[in-house]
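Please look at the sequence and the structure shown here.

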Amino acid sequence: MTSVTAMKRSGPDDPHGGRSGRDGHGGQGGRPRRSWRPGPSGPPPRGKAIGDRAAWFLVLPALIPILILSVGPLLYGIALAFTDAQSGRTRSTQWIGTLNFQDLLHDTLFWDSFRIGLVWAVGVTVPQFLLALGLALLLNQNLRLRWLARALAIVPWAMPEVVVGIMWRLVYNPDAGILNETIRDLGLGDGRDWLTGLATALPAVILVGIWAGMPQTTVALLAGLQNTPRELHEAAALDGAGAWRRFRTVTWPAIKPIALAISALNLIWNFNSFALVYVLTSGGPGGRTRLPMLFAYEEAFRYGQFGYAAAMGCVMVAVISVLLAFYLVGRLRGGEDR
């Protein structure tokens, strides 16, 4: 009797009581449940180590070409910038330190090309984004033959830059070009030589850059628009929001990360442009379209100043690294805010 009374009086938290098993404090048959404790840290299992080695083995076929074709030439170019390397097999190369960079600081032609490069990059990137955004919004609607319009929109993107440059040279041809022929037919004048005029060469080249790069931005923005839930637009419309308010409160927040990413990449790609401008104008007339990459190309392969051209490349790499740093900081801050 005494033992039965003691068992009844014992509470559920009494380790010596009779409630056990499923109350969370006891085990099967009255034994206390063993609480989990992390074991001592030790070497990873053999299977995981083998898996890591296998992963590196699978990555090597893609990593080796990057190291050989990208990282290696980049390091060699940086080292070349501190020498007086010039063309010619019999000429010895000497280490000259920062002399190339000192000369570059006083080279007004290079800084003019740098200014032209910034004008070109911004002048192409901003209109390109605005036009691509409008085209993406249009292609996101339920239009007839929308599939055909989407296919045609990416045609300029699929064409090589050299082909695009040759095609637009024919369009800008002063004698038989489509543009001048249209101007004459409309009675607006006799036309002009767009690619050799000091005032028209850079705007004409910027127009070609916008046309050639807009499809890529359009495809990226269209993908973001298609991932935006339609229920959000319907709810905003039921609340009485107009088209502009729906775009500002629903569409833009959804595609903002994509817009920032593609705009940053376009700015970097446009600043590094070479083939398109080289085919169209070769940097002329009078250096009005001489981008930094064109200037470095001429110094290296026309005048044989490899060390000096490598110093220009280092400056451009530094500028691009700063742009990437600003972009990454902005993305990280945006991620923390979310």
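## The largest pocket

The lining of the largest pocket has 23 residues, and those nearest the centre of the pocket are G77, M293, A309, A310 and G313. A pocket here is found on a 1 Å grid over the protein atoms alone: it is an open set of points where a 1.4 Å probe fits, with protein on both sides within 12 Å along at least five of seven lines, and lining residues have an atom within 4 Å of a point. Rolling a probe the size of a water molecule over the atoms shows where empty space is left. This is a predicted model, in which local features need pLDDT of at least 70 and side-chain atom pairs count only at pLDDT 80 or more, while totals for chains, interfaces and linings use all residues. Residues are numbered from 1 along each chain as its sequence is written, and side-chain values use heavy atoms, with hydrogens and water left out.

The volume of the largest pocket is about 530 Å³. A volume is the space filled by probe spheres set on the grid points, which are joined across faces, edges and corners. Helices α2 (46–80), α13 (292–302) and α14 (306–337) each give at least two residues to the lining of the largest pocket. By class, this lining has 19 nonpolar residues, four polar and no charged. Ala, Val, Leu, Ile, Met, Phe, Trp, Tyr, Cys and Pro count as nonpolar, Asp, Glu, Lys and Arg as charged, and the others, Gly among them, as polar.

## The second largest pocket

The second largest pocket has a volume of about 420 Å³. Its lining is made of 13 residues, of which N140, Q141, R230, H233 and T251 lie nearest the centre. Two or more residues of the lining come from each of α9, α10 (230–238) and α11 (243–271). Helix α11 gives the most, with four residues. The lining of the second largest pocket divides into four nonpolar, seven polar and two charged residues.

## The chain as a whole

The chain has 14 helices and zero strands. Helices (H or I, at least four residues) and strands (E, at least two) are DSSP runs, numbered from the N terminus. Of the 338 residues in the chain, 32% are buried. Buried means under 20% relative accessible area, exposed means over 50%, and partly exposed is in between, with a 1.4 Å probe and protein chains only.

Among contacts (heavy atoms within 4.5 Å) between residues at least 6 apart in sequence, 61% join residues at least 24 apart. A separate pair, P203 and G123, is 80 residues apart in sequence and 8.7 Å apart in space, C-alpha to C-alpha. P203 belongs to helix α9 and counts as partly exposed because its relative accessibility is 48%.

## One side of helix α7

Which residues of helix α7 (residues 161–171) are buried? They are V164, G165, W168 and V171. These residues lie on the same side of α7 because they cover an arc of only 115° around the axis. The arc is that of the directions from the helix axis to the C-beta atoms. Among the elements that cover the buried residues of α7 are α6 (155–158), α8 (178–185), α9 (201–226) and α12 (275–280).

## Two buried polar side chains

N100 is in helix α3 (residues 99–105) and is buried, because its relative accessible area is 8%. A polar atom of the N100 side chain lies 2.9 Å from the backbone oxygen of A81, and one lies 3.5 Å from the backbone oxygen of G307. A polar contact is a pair of N or O atoms within 3.5 Å; within protein, one must be able to donate a hydrogen and the other to accept it, and residues adjacent in sequence count only if both atoms are side-chain atoms. Leaving out residues up to four places away in sequence, N100 touches A81, T83, G307, Y308 and A311.

S273 is found in the loop between α11 and α12. S273 counts as buried because its relative accessibility is 10%. A polar atom of its side chain lies 3.0 Å from the backbone oxygen of N270. Not counting residues up to four places away in sequence, S273 touches W120, L291 and M293.

## The loop between α12 and α13

P285 lies in the loop between α12 and α13. The peptide bond that joins G284 and P285 is cis, with omega about -5°.

S282 is also in the loop between α12 and α13. Its phi is near 55°, a positive value in a residue other than glycine. With a relative accessible area of 40%, S282 is partly exposed.
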